[in-house]
Amino acid sequence: MEQNKIPQATAKRLPLYYRFINNLNHQGKKRVSSKELSDAVKVDSATIRRDFSYFGALGKKGYGYNVEYLLEFFRKTLDQDETTEVALIGVGNLGTAFLHYNFMKNNNIAIKMAFDSNPEKVGTMVSDVPVYHIEELEDRLGDIKVAILTIPGSEAQPMADHLVNRGVEGILNFTPARITVPKHIRVHHIDLAVELQALVYFLKHYPLITEDEEEEVPMD
């Protein structure tokens, strides 16, 4: 099946599956059931089986899934053999945390450079990543197509415009601003404050149902 025919919700779960399967492989495990996957990644078994079904027969009924086969399949599907270089814009507290982390568990993603306007940070190295002045972005960005925004919300739209003009095709936006970009540019908005507020709301108004309570719910 062509990649663009796969539901976006399924596509967003693929890296999650890959991470767990990779861990199983490091542990020497040879096979895994959809229930084991479900318990580990917190996605129900039916959804996992449906996700996998988009790619054909990845497992066998009564056997489960071959870990080595799944690992190789997802490695190719997620282009794990190719490294995507990323630029980070804004070396504040959150940006610095990203640089220290630098996607260590993802072999195919690496922050190669960072940009900031603070003279105390420009010219330094943070976890082996060079920090350049924001005015150097035009000359330094090169062929990088993905950027992370960890700057004040008021600066997000002008910076997004600049990145798009410079050839960036994907932006991971950690600012509270909802930026507007051309249709051919992909933006993922991650507002930590909104996510936390949503979590608190769900805690108050949508209590989780335990397995024992689920068994007590009468069926039609």
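In this predicted model, the buried residues of helix α1 are T10, L14, Y17, Y18, F20, I21, N22 and L24. These buried positions pack against β1 (31–32), α2 (34–41), α3 (45–53) and α4 (67–77). Helix α1 itself covers residues 8–26, 19 residues in total, and spans 28 Å from its first C-alpha to its last, close to the 27 Å expected at 1.5 Å a residue. A bend of about 30° occurs in α1 at L14, with a proline, P15, following within four residues. After α1 comes G28, which has a positive phi, near 85°.

Helix α3, one of the elements against which the buried residues of α1 pack, contains S45. S45 has a relative accessibility of 18% and therefore counts as buried, the cut-off being under 20%. Apart from neighbours within four places in sequence, S45 contacts S34, K35 and S38.

In soluble globular proteins, nonpolar side chains tend to be buried together. The largest nonpolar core here has 22 residues, of which I89, F115, L141, L149, L163 and I171 touch the most other members. At least two residues of this core are supplied by each of β4 (84–89), β5 (109–116), β8 (146–149) and α7 (153–165). Helix α7 provides the largest share, five residues. When residues up to four places away in sequence are not counted, F115 touches A87, L88, I89, G90, V91, Y132, H133, I134, E136, L137, R140 and L141. Another core, of 21 residues, lies apart from the largest one and includes L37, V41, F55 and L71.

Technical notes. Residues numbered from 1 in each chain as written. Predicted model: local features only at pLDDT ≥ 70, side-chain atom pairs only at ≥ 80, totals over all residues. Heavy atoms only, no water. Expected span 1.5 Å × (residues − 1). Bend = angle between axes of the 7 residues up to and from the residue. Buried < 20%, exposed > 50% of the residue type's maximum accessible area, 1.4 Å probe, protein only. Contact = heavy atoms within 4.5 Å. Core = buried A, V, L, I, M, F, W, Y, C linked by side-chain atoms within 4.5 Å.
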